Amino acid sequence: MKTWIKAAAVALVAAMLFFAPAIVKGAANGLRVFAFSALPALLPFFVAARLFVRSGAANALARPLNCLWRAYGLSEDAGGVVLASLVSGYPAGASMTAMLANESRISTEQARTLSVLASNPGPLFVVSAVGGILGDAVIGWAMLGACAIGSFASAAFFAAPFDAKTTSKRPVPAPGFPAMLTEALSQSCTSLLPVGAVMTFWGAISEMIGQLGLERSPELNAVVTSVLEMVSGCAASASIPAPLYVRAALCCFAISFGGLSVQTQSLAFLLPAGVPVGPFIAGKTLCALISIGAFTCIMRFISGEGTIPLWPMTALCTALIALALRYFLNIPWSSWRLRRT
């Protein structure tokens with residue numbers, strides 16, 4: 001094991017011992033949020049998303065967009081997961097990606113691509129909660145659209161070329177509705193247990209970092225909190241003394257990046273399915289950067305506030321070119337990189 005990992009583990013244990021009261025308080029808060037907020041919000045969507053995929057409804061809706069999924073090297077099975085993730089939010093997309101990978105309906109490379117493409121925030125949280133905090137539901141819809149743009153654009157840089165041999169066409173057995181519902185309930189409850197553990201852990205870490213006095217710099221506190229935990233990051237970003245479009249852009253970053261808490265929840269499903277940590281974290285980081293740029297452009301169009309940066313448009317155009325080349329020439333992105341001779 002690498003030396004820095006050992007050093008980080010020792011430092012974490014030492015910090016927890018030094019900030020023991022804060023750790024206990026933060027863990028209790030994280031567990032409370034999971035039990036009374038996250039679990040009631042996630043469980044129904046987890047069950048509905050699994051029914052949506054298992055019943056074949058997701059495939060039926062994804063089939064007309066087969067050209068799009070093929071550009072990402074994916075099948076309509078994976079396309080159904082993307083559509084379900086746009087409705088269900090974090091971390092349902094990661095859970096369903098792992099389900100397809102464990103059933104050998106997608107390859108490991110396709111699971112890597114799908115892990116970025118199907119990692120999306122839920123509209124209920126973005127529009128109702130974050131839009132409500134900022135005082136305008138339209139901003140919530142703008143953030144939701146920007147996050148979707150970021151996911152599709154960033155996934156283009158990690159997509160594998162389409163290969164019919166590795167894209168499974170194996171038919172999925174369709175049991176009766178009682179069996180599907182029972183399976184969905186059982187698997188959803190099992191899947192949400194790691195989510196509770198992750199939220200408890202990051203609640204403790206957030207409370208410990210809060211002891212460092214970051215509240216004296218609201219902007220720094222908003223950025224650090226957003227990197228750690230999405231919900232707290234949105235609350236901190238919305239309260240800084242800045243124009244509305246700046247606060248909304250920071251909230252968009254928190255939502256699209258998801259925070260290390262959401263990413264750890266997703267990796268709890270993805271790692272056993274063979275998805276590596278590096279590409280997933282890189283994809284989410286790129287998604288957050290593109291989402292901020294896309295949101296700034298949308299806000300400029302809607303309200304005239306803010307400025308339109310050049311770099312997100314360049315990234316979006318590059319992503320579109322990458323997709324077009326994959327679709328028409330079947331060229332993987334990895335083959336474009338310079339190789340040492």
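**Figure 1. The largest nonpolar core of the predicted model.** Within the largest nonpolar core, which comprises 41 residues, Y72 and L114 touch the most other members. At least two residues of this core come from each of the helices α2 (20-54), α3 (57-62), α5 (76-88), α6 (92-102), α7 (108-117), α9 (137-155), α10 (177-210) and α14 (259-270). Helix α6 gives the most, with 7 residues. Another core, of 21 residues, lies apart from it and includes M143, A248, A249 and A254. The structure shown in this and the following views is a predicted model.

**Figure 2. The aromatic pair of Y72 and F152.** The structure holds 4 aromatic pairs. In one of them, Y72 and F152 are arranged edge-to-face, with 6.1 Å centre to centre and 70° between the planes. The pair links distant parts of the chain, since Y72 belongs to the loop between α4 (66-71) and α5, F152 belongs to helix α9, and the two are 80 residues apart. Both Y72 and F152 are buried.

**Figure 3. The aromatic pair of F201 and W202.** F201 and W202 form an edge-to-face aromatic pair, with 5.4 Å centre to centre and 80° between the planes. The two partners fall into separate accessibility classes. F201 counts as partly exposed because its relative accessibility is 35%. W202 is classed as buried because its relative accessible area is 12%, the cut-off for this class being under 20%.

**Figure 4. Helix α7 and its surroundings.** Helix α7 is mostly covered, with 7 of its 10 residues buried. The buried residues are Q110, A111, T113, L114, S115, V116 and L117. They pack against α5, α6, α9, α14 and α15 (277-303).

**Figure 5. S88 in helix α5.** S88 lies in helix α5. With a relative accessible area of 11%, S88 is buried. Residues up to four places away in sequence being left out, S88 touches F45, A49 and G122. Helix α5, which holds S88, is also one of the helices against which the buried residues of α7 pack.

**Figure 6. Q187 in helix α10.** Q187 has its place in helix α10. This residue is partly exposed, with a relative accessible area of 28%, so it falls between the limits of 20% for buried and 50% for exposed. Beyond its neighbours within four places in sequence, Q187 is in contact with R50 and M99. Its C-alpha atom is separated by 9.7 Å from that of S95, although Q187 and S95 are 92 residues apart along the chain.

**Figure 7. The largest pocket.** The volume of the largest pocket is about 990 Å³. Its lining is made up of 40 residues, and V33, M199, E229, V231 and S232 lie nearest the pocket centre. Helices α2, α5, α8 (123-134), α10, α11 (218-228), α12 (230-238) and α14 each supply at least two lining residues. Helix α2 gives the most to this lining, with 9 residues. By residue class, the lining divides into 22 nonpolar, 15 polar and 3 charged residues.

**Figure 8. The largest cavity.** A search of the whole structure finds 2 cavities of 30 Å³ or more. The largest cavity has a volume of about 60 Å³. Of the 15 residues that line the largest cavity, G93, A94, A118, S119 and S266 lie nearest its centre. Helices α6, α7 and α14 each supply at least two residues of this lining, and α6 gives the most, with 4 residues. The lining of the largest cavity comprises 8 nonpolar and 7 polar residues, and no charged residues.

Methods: Residues numbered from 1 in each chain as written. Predicted model: local features only at pLDDT ≥ 70, side-chain atom pairs only at ≥ 80, totals over all residues. Heavy atoms only, no water. Core = buried A, V, L, I, M, F, W, Y, C linked by side-chain atoms within 4.5 Å. Buried < 20%, exposed > 50% of the residue type's maximum accessible area, 1.4 Å probe, protein only. Contact = heavy atoms within 4.5 Å. 1 Å grid on protein atoms, 1.4 Å probe; cavity = no way out; pocket = protein on both sides within 12 Å on 5 of 7 lines; lining within 4 Å. Points joined across faces, edges and corners; volume = space filled by probe spheres on them. Nonpolar A, V, L, I, M, F, W, Y, C, P; charged D, E, K, R; others polar. Phe/Tyr/Trp six-rings, centres within 6.5 Å; stacked < 30°, edge-to-face > 60°.
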